[in-house]
Amino acid sequence: MDSAILKDLMCTRFASIHPDMPVVEASSKLIQLEMLGSPVMDDAGTLVGWISERECLQAALQVVYHNQRVATVKDLMQPEVLTVSLDDDVLGLAQQMLAAKPKIYPVVDAANKVLGVISRRHILHMLDQKLAELSKKAG
């Protein structure tokens, strides 16, 4: 099978989320883009954390049902983030995603600047296309 290039599979359209942003605003951005989570970046675009629907749900429940203060992203984000680079092997990443690993990863450069995100769905879409090609060749 031809090797896939991570750069061709990743999505460069992701939520622009900053640490000082209210979580409810980050939640709205995730909803608008239909994302499960997004990298948290400083003003230079450097990865500083990750926020997912889970953290946003937690904050929304606090605000709506418990009338508590609105948290900022830095209060709830995951500061330790598994990342991938453009040089990473797509099939190796797919194997890694089969384990209890994240469903979506930020793609970063050598300076830890966010270039995009890649998810199980992106890889599955590529594999689906490969299966269709193989089916045409066999038919």
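Start by selecting threonine 46, which sits in the loop between strand 1 (37-41) and strand 2 (47-52). Strands here are DSSP runs of E with at least two residues, helices are runs of H or I with at least four, and both are numbered from the N terminus. You're looking at a predicted model, where local features need pLDDT of at least 70, side-chain atom pairs count only at pLDDT 80 or more, and totals for chains, interfaces and linings use all residues. Residues are numbered from 1 along each chain as its sequence is written, and side-chain values use heavy atoms, leaving out hydrogens and water.

Is threonine 46 buried or exposed? Its relative accessible area is 17%, so it's buried (under 20%; exposed means over 50%, partly exposed in between, with a 1.4 Å probe and protein chains only). Now show what threonine 46 touches: Val40, Met41, Ala111, Asn112 and Lys113, not counting residues up to four places away in sequence. Contact means heavy atoms within 4.5 Å.

Next, select helix 5 (residues 90-98) and colour Val90, Leu93, Ala94 and Met97, which are buried. They cover an arc of only 105 degrees around the axis, so they lie on the same side of helix 5; the arc is taken from the directions from the helix axis to the C-beta atoms.

What covers the buried residues of helix 5? The cover includes helix 1 (6-9), strand 3 (104-108), strand 4 (114-119) and helix 6.
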